[in-house]
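User: Hi! I'd like to understand the words used for this model, and what stands behind each of them. Could you take me through it?
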Amino acid sequence: MSRHDVAVLGAGLAGLSAARDLAAGGADVVVLEARNRPGGRVEQTTLADGRLLQLGGEVVGPGHTAYAGLAGELGLTLVPAFPSLPGEDTWVLTTGRVLGDWLDDAERENYAAVEAQFRALAATVDPDDPWSHPDAERLDRLSVGDWLREAGAAPAVVRNRDVAMLSLAAESVERTSLLSDLRKEAAVGAHGFYSYEVWECLRVAEGSATVALRMAAELDHRVRYGAPVTRVHVAPGGCHVVTATGERFDCAAVVCALPVAPLRQVAIDGVSPERLASLDRQRNALAAKVSFAYDGSWWEEQGQNGSMYFETGMLGGLWPQREGILSGLVPPERLAAFLTTSPALLEQDLLAELALAMGERALDPLAVFVRRWGVDPWTQGYITGWRPGDVMAVGPLHGTHEPPFYVCGSDQWVCGYMEGAVRTGRGAARAVLS
C-alpha cells in the first residue's frame, strides 16, 4: 500500500495533463496506466528513413486552445496540416471515382442553403449547456439525417454529408443526434458543417504523440505502467484505488481519465448512482486506423491532395499525415467487415480500395500500420458517439466532478479530439487544487 494526495487513472493526454498540473501545484500524484507506454490513443513510430508516423490522434484546429497552449509549454511547434495542401479531394462513390466536388450547380446551391440553416441553429446552442436550449429534447431526438431532409436537403446533399461523416469514423448521419452535432460545431464558433479547415488544420511538427511522451518524461517515476485499475473507493475521509496486481493506493482524491467503455469494467463505490449512470450512458464510436507509408506524396502529381472519401468498402476516409504518409479510418459501420477479414488478407484488401482512389501505384507502399482502437481493451473506441437521445440521457452531469472524484478525458468534452483530453485534464487539476 502507498499513500498519495491524488491518484490519476490513465496516462493518456487527459491523465498526463492533469497529473502534470497537479505535480506543478505541489500535489503528490501517482498515475496508474494499464499499458506499458504513455499516450493512450496517441502513439507513434519511426520509419527506417527517420520519418515519424502517427498511429493515433494527429490534428487539431485553432479553436483547440488548451492543446496549443500545452504544446507551447512543452517546447513543441504547431504547423499547418493537410487542408492547406494543393490538389483535389477524391471521392470513391458507387458510381465511380470523382476528383473534386461531385454535386451539380443546383445541389451545391441547396447544400449552401441547408448549411446556412445549420449554422444559424448551431449559434443558438450553448456548448457548455445544450440542455438549456428551449428545443433541446426535439433537437436531440432528431438524427442529423432526419433534420437534413426536414430542412429541405436534396438526396445528393444528404448522401454527401453521410459519406463525409463516415470518413471521420463518426457514425452515420442517420444515427447521430442533431443536438450533439450542433453542440460540437458551436464549441468552435458555429461555422457550419464539419470542416477540416476548422478542426484539423494544425499538427505538432515533432509528432502528436511527443506531447504525451514529454509529459510522461516530466512526471517520471510518478507514472506506474502495467497497472490496470480494477476497484475505486471514494469517500470524503479518504479514497483508495486497487490495481489488477492487488496493489492498493490510498489517496485524498481520484482523477479518472479512463475512456467511458473501459471504465465500465472498474468497480466504483462512493460515487452517486446519478453520476455513474451519466458516465455509463455515453458511447464510444468504434473505429480502426490504418496508415500507409510511401516514398513521397506522388498522388499530388495526379492532381490529388490526399484527402479521400469512400462510399463503400472498409475505409471511410483518408488524409495526408505528412510527406508520403496517408492516414485512414475505418468507421463503426464497417468495422465488422474489417475485423472479420483474415490478417493475411487485410492489407491487400485495404490497398485494393486505395488503388480505386489513386491507381495501381498505391499497391506498393513501404509499410502499412494498423491500430484496432475499437477493440483495444484500454480504449474500446475512438471519439464519443452521440446517437439520437443521448445528449439528454447523459444530461448536465456530463463532464462535471463529484469531489473527491473528478473526471476528465476526450469523452468529457464536446468532441473526442485531443483538445478535449487536455482541456478537461487541466480543468480537473484546477478543480482538485482549488
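Analyst: Happy to. A residue is buried under 20% relative accessible area, exposed over 50% and partly exposed in between (1.4 Å probe, protein chains only). Please keep in mind that this is a predicted model, where local features need pLDDT of at least 70 and side-chain atom pairs count only at pLDDT 80 or more, while totals for chains, interfaces and linings use all residues. Residues are numbered from 1 along each chain as its sequence is written, and side-chain values use heavy atoms, with hydrogens and water left out.

User: Is Phe118 buried or exposed, and why?
Analyst: Phe118 has a relative accessible area of 1%, so with the limit at under 20% it is buried. Phe193, at 5%, counts as buried too.

User: What makes two rings an aromatic pair?
Analyst: Rings of Phe, Tyr and Trp (its six-membered ring) pair if their centres lie within 6.5 Å; planes under 30 degrees apart are stacked, over 60 edge-to-face, and the rest tilted. The structure holds 14 such pairs.

User: Why is the pair of Phe118 and Phe193 called tilted?
Analyst: Their centres are 4.9 Å apart and their planes stand at 45°, so the pair is tilted. Phe118 lies in helix H3 (residues 105-122) and Phe193 in the loop between helix H7 (178-186) and helix H8 (196-199), so the pair ties together parts that are 75 residues apart in sequence. Helices here are DSSP runs (H or I, at least four residues), as are strands (E, at least two), numbered from the N terminus.

User: What kind of pair do Tyr194 and Tyr196 form?
Analyst: An edge-to-face pair, with 6.3 Å centre to centre and 90° between the planes. Tyr194, at 12% relative accessibility, counts as buried, and so does Tyr196 at 13%. Both tyrosines also belong to a cluster linked by ring pairs, whose members include Trp91, Trp199 and Tyr309.

User: What makes something a pocket rather than a cavity?
Analyst: On a 1 Å grid over the protein atoms alone, a cavity is a set of points where a 1.4 Å probe fits but cannot get out, whereas a pocket is an open set with protein on both sides within 12 Å along at least five of seven lines. Lining residues have an atom within 4 Å of a point.

User: Which residues are closest to the centre of the second largest pocket?
Analyst: This pocket has a volume of about 590 Å³. Of its 24 lining residues, Asp89, Trp91, Tyr111, Tyr196 and Tyr309 are the closest to its centre. Helix H6 gives the largest share of the lining, four residues.

User: And how much space lies in the largest pocket?
Analyst: About 880 Å³. Of the 50 residues that line it, Gly40, Arg41, Val42, Thr379 and Ser410 are the closest to its centre. H1 supplies the largest share of that lining, three residues.

User: Why do strands S8 and S20 count as edges of their sheet?
Analyst: Two strands pair if DSSP finds at least two bridges between them. Seven strands form this open, mixed sheet in the order S8-S7-S17-S18-S19-S16-S20. S8 (96-99) and S20 (367-371) each have a single partner strand, so one side of each is left without a neighbour in the sheet.

How values were computed:
Points joined across faces, edges and corners; volume = space filled by probe spheres on them.
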